Amino acid sequence: MLKFVTFAVKTQLNVHDLNNEAVAGNVTDIRIMEFLNENGERQEAPAVSGRMLKHWHYEGMRHLIVNGTYSSVQLCAGCKVGEPIRPGTINNGNLSQDPGISEADAIKNCAVCDSHGYLIAKPEATAGEGGVSARRTSRAMFSWLMPVLEIDTTSKQVIHNRVSLDPKTMMPFNKSYASGIYAFVSALDVDRVGLVEINLGGTNPFAVNDNDRKARIKVAIEAYRFMLSGQIGASLSHAVPHGNPIEILVAYSETGPLPFPVSPMYSDYISKTAGLMPQNTPLLYWGDATPAGVTKKNVIDDIFKELLNKVG
Ligand SMILES: [Zn+2]
């Protein structure tokens, strides 16, 4: 049974607007991050936050659950409608966070609250709770999406016009679009899906039965497929990136946790990842290279098939 899986992804994304959140005047500019290249020199380039990637992993799960493929998987009221109120509940027709719910009940009710975690901030005024916050740590972890080093990433501004029949209300606005080759890493702590840590040591620390756990793990793995296609950020209504996956390296374990892989941002990430992982860790690779120590797959789906088979 699968216990832990890591992803290292290198993908080309042309003309995207995935993290358009820095605003100056009527210019909505793409987010720029500073980083060091392999020579230790400071550089700047467009980047997409890990929070954004995590959000789009959730959106992938939500679509797979709400739209039928995994319709038996539970979602709370907030996660079902795309509101980030975790754990969500409906009271008198109003959606809100459920501050009194136990961790076991929260994760029983919802695959996303379970795998992505949540924070219930309790103000001191909350009767009897003493202001202690309740939180569940995420089982899914994401890096920022960063440019692959030594390859130029460009961004360009384009002037759009909000079209209107009345010329006076036409409103030109500038937006930036970026193109480049990007990398991200992610880890999914499969073994802790459905697990309530404070119940460890008891007869059964899992709040979710075995079949439901497996379905949740599968939907969390399947959601990465959408991310590989470029569903990882803003402006998808009018700027779906021209995505082109280049390399994918997956490590998994059936015995325990794994370290994070070395980022495909760096040129020698495959050999370094292989050297970092514990001995006999299965490494699945899709891409043009023929690296040593990894199992090469012909199509990306072969990687997903192997992972899903290990869930059982
Ligand atoms: Zn939820």
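**Core, rings and spaces**

Guide: The largest nonpolar core has 57 residues, and Leu145, Ile221 and Leu307 have the most contacts inside it. Helix 5 (residues 210-228) is the element that gives the most to this core, with nine residues. This is a predicted model, in which local features need pLDDT of at least 70 and side-chain atom pairs count only at pLDDT 80 or more, while totals for chains, interfaces and linings use all residues. Residues are numbered from 1 along each chain as its sequence is written, and side-chain values use heavy atoms, with hydrogens and water left out.

Visitor: What makes a set of residues a nonpolar core?
Guide: The term covers buried Ala, Val, Leu, Ile, Met, Phe, Trp, Tyr and Cys residues joined through side-chain atoms within 4.5 Å. Buried means under 20% relative accessible area (1.4 Å probe, protein chains only). A second, separate core of 14 residues includes Phe4, Leu249, Leu258 and Tyr269.

Visitor: Which residues does Leu145 touch, not counting those up to four places away in sequence?
Guide: Among them are Leu13, Leu18, Ala47, Val48, Tyr182 and Phe184. Contact here means heavy atoms within 4.5 Å.

Visitor: Why is the pair of Phe7 and Tyr224 called stacked?
Guide: Rings of Phe, Tyr and Trp (its six-membered ring) pair if their centres lie within 6.5 Å, and planes under 30 degrees apart count as stacked, over 60 as edge-to-face and the rest as tilted. The ring centres of Phe7 and Tyr224 are 3.9 Å apart and their planes are at 15 degrees, so the pair is stacked. Phe7 lies in strand 1 (residues 4-16) and Tyr224 in helix 5, so the pair ties together parts that are 217 residues apart in sequence. Helices (H or I, at least four residues) and strands (E, at least two) are DSSP runs, numbered from the N terminus.

Visitor: Are Phe7 and Tyr224 buried or exposed?
Guide: Both Phe7 and Tyr224 are buried.

Visitor: What makes a space a cavity or a pocket?
Guide: On a 1 Å grid over the protein atoms alone, a cavity is a set of points where a 1.4 Å probe fits but cannot get out; a pocket is an open set with protein on both sides within 12 Å along at least five of seven lines. Lining residues have an atom within 4 Å of a point.

Visitor: Which residues line the largest cavity?
Guide: The lining includes Met61, Asp114, Arg216 and Ala220.

Visitor: Which element gives the most to the lining of the largest pocket?
Guide: Helix 1 does, with four residues.

How values were computed. Buried < 20%, exposed > 50% of the residue type's maximum accessible area, 1.4 Å probe, protein only.
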